[in-house]
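The following questions ask how labels are assigned, and each answer sets a value against its cut-off.

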Amino acid sequence: MAYPYPGPLQSNTRNAKEPLYPETVLNYDREAASYDESRGGLPRARAAAQAVHDLVGTGMLAGQAAHGLPGEGTLLDIACGTGLVSRELAGLGLRVLGVDASAGMAGVAAGRIDVVLGDGRRLPVRDRSVDAVTTIWLLHLLDDARPVIAEAARVLRPGGVFVTTVDKRAAHGPGGRQDPPDRAELVVEVAAGHGLVLSGEARFAGHGQGRDGAADPVFRLLAFTASGER
Ligand SMILES: C[S@@+](CC[C@H](N)C(=O)[O-])C[C@H]1O[C@@H](n2cnc3c(N)ncnc32)[C@H](O)[C@@H]1O
């Protein structure tokens with residue numbers, strides 16, 4: 001379903017020389033039909049959505065008070081995947097628009113939420129047009145998380161809130177990349193460079209995500225409020 005006019009969408013011709021579909025989406029196209037089942041299904045989606053919602057609510061109230069903004073509550077879910085978390089966020093009262101670069105994942109999400117096919121590194125969304133942005137389990141997949149954080153800052157209204165998972169691999173225990181792109185210190189530093197001020201932190205349970213019989217990992221979320229200065 002198309003996002004209703006006058007929503008935040010714009011046609012996107014920025015960085016037109018880059019390939020539209022990053023390599024990170026190829027496996028997700030193949031995996032779309034079985035993704036929910038293998039990623040904790042509804043219990044994990046609900047836990048993630050509740051944690052995001054709590055951070056967005058708290059941060060947005062503070063930001064709106066500081067900037068005198070009305071609370072429209074439009075949330076852009078970058079890398080929404082199958083839209084299961086997004087749908088839960090909508091159920092908690094937010095107006096949600098999903099974006100995903102995998103046609104397979106976005107196709108599943110389209111049965112659940114308003115979604116567009118797009119790359120989080122160059123969003124088809126107007127400047128300062130949304131109240132909240134999330135990236136759940138995206139930054140760790142990227143070669144470089146900076147373009148996505150920059151885009152989140154660009155599309156957020158002053159006082160809006162960006163919520164992202166960080167340190168995803170570390171939640172599963174030792175191992176993995178030496179300098180993962182979603183490490184908290186780096187995300188905080190890059191966000192600050194785009195006027196995003198650290199404003200909260202939460203965790204959610206990764207139901208069924210323990211590897212090799214390990215207990216369910218707990219995933220970390222950071223929240224940032226847009227200062228309006230970039
Ligand atoms: C691990 S899944 C997370 C999906 C969802 N957020 C969730 O919590 O279930 C990662 C998603 O990121 C998407 N993705 C990867 N690179 C992307 C990019 N550059 N822009 C937008 N989506 C991307 C993939 O297609 C996939 O749907």
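Q: Why is Asp-167 called partly exposed?
A: A residue is buried with 20 or more other C-beta atoms within 10 Å of its own, exposed with 12 or fewer, and partly exposed in between, C-beta atoms being placed from the backbone. Asp-167 has 18 other C-beta atoms within 10 Å, so Asp-167 is partly exposed. Asp-167 is found in the loop between β5 and α7 (184–193), and its phi is near 55°, a positive value in a residue other than glycine. This is a predicted model, in which local features need pLDDT of at least 70 and side-chain atom pairs count only at pLDDT 80 or more, while totals for chains, interfaces and linings use all residues. Residues are numbered from 1 along each chain as its sequence is written.

Q: What makes Ala-79 count as buried?
A: Ala-79 has 25 C-beta neighbours inside 10 Å and therefore counts as buried. Ala-79 is in the loop between β1 and α4 (84–91); its phi, near 65°, is positive in a residue other than glycine.

Q: Which residues come nearest to the ligand?
A: Of the 21 residues around the ligand, these are Ala-79, Gly-81, Ala-101, Ser-102 and Gly-120. A residue is near a molecule if its C-beta atom, placed from the backbone, lies within 6 Å of it.

Q: What makes a strand of this sheet an edge strand, and which strands are at the edges?
A: The open sheet has 7 strands in the order β3-β2-β1-β4-β5-β7-β6, with mixed pairing. β3 (114–117) and β6 (196–205) each have a single partner strand, so one side of each lacks a neighbour in the sheet. Two strands pair if DSSP finds at least two bridges between them; strands (E, at least two residues) and helices (H or I, at least four) are DSSP runs numbered from the N terminus.

Q: How do you know that β5 and β7 pair?
A: Strand β5 (residues 156–166) is joined to strand β7 (residues 218–226) by 6 bridges, and the cut-off is at least two. The two strands run antiparallel. Phe-162 has Phe-224 in β7 as its bridge partner.

Q: Which residues does Val-133 touch?
A: Leaving out residues up to four places away in sequence, Val-133 touches Leu-76, Ile-78, Ala-152, Val-155, Leu-156 and Phe-162. Contact means that two C-beta atoms, placed from the backbone, lie within 7 Å.
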